[in-house]
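I'm jotting down what I looked up, one entry at a time.

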Amino acid sequence: MDIVVKGRNVEVPDHYRVHVAEKLAKIERYDHKLIRVDVELFHERNPRQSDHCQRVEITCISRGPVIRAEACTNDFYSALDAAIAKIETRLRRAADRRRVHRGRHAPLS
């Protein structure tokens, strides 16, 4: 799984990239066919949104559907935690849809 960390008008330090890699290592247990995970960091310039000015978007690209989550808080670390919590629930739901229940050999569409 490749992890790409990008920043739009934001400099991304190396210790934040290491922190993202440690956090995203846990989501691989839901989908072993993940190809790439894109993490984008934004800074909202709207002064009315000063308490939610740091935004993190996570996009998981795999052979199945593309799964995406985003979160806005006042710093990048808590925004990353909120976005990872969202993407874990979405990956868990996608894994449950693929799972075969009650002896059926193929899930119904």
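What do the buried residues of H1 pack against? I found S1, S2, S3 and H2 as their packing partners, counting contact as heavy atoms within 4.5 Å.

Ground rules first. I'm working with a predicted model, where local features need pLDDT of at least 70, side-chain atom pairs count only at pLDDT 80 or more, and totals for chains, interfaces and linings use all residues. Residues are numbered from 1 along each chain as its sequence is written, and side-chain values use heavy atoms, with hydrogens and water left out.

Entry on H1. I looked up Tyr-16, Val-20 and Leu-24 and found them buried (under 20% relative accessible area; exposed is over 50%, partly exposed in between, with a 1.4 Å probe and protein chains only). Down the axis of H1, the buried residues fall within an arc of 65 degrees, so they line one face of the helix; the arc is taken from the directions from the helix axis to the C-beta atoms. On the other side of H1, I noted Asp-14, His-15 and Glu-22 as exposed.

Entry on the sheet. I see four strands in an open sheet, ordered S1-S2-S3-S4, with mixed pairing. Helices (H or I, at least four residues) and strands (E, at least two) are DSSP runs, numbered from the N terminus, and two strands pair if DSSP finds at least two bridges between them. S1 (2-7) and S4 (67-73) each have a single partner strand, so one side of each has no neighbour in the sheet.

Last entry. S1 and S2 (residues 34-43) run parallel, joined by six bridges, and I spotted Gly-7 opposite Leu-41 in S2.
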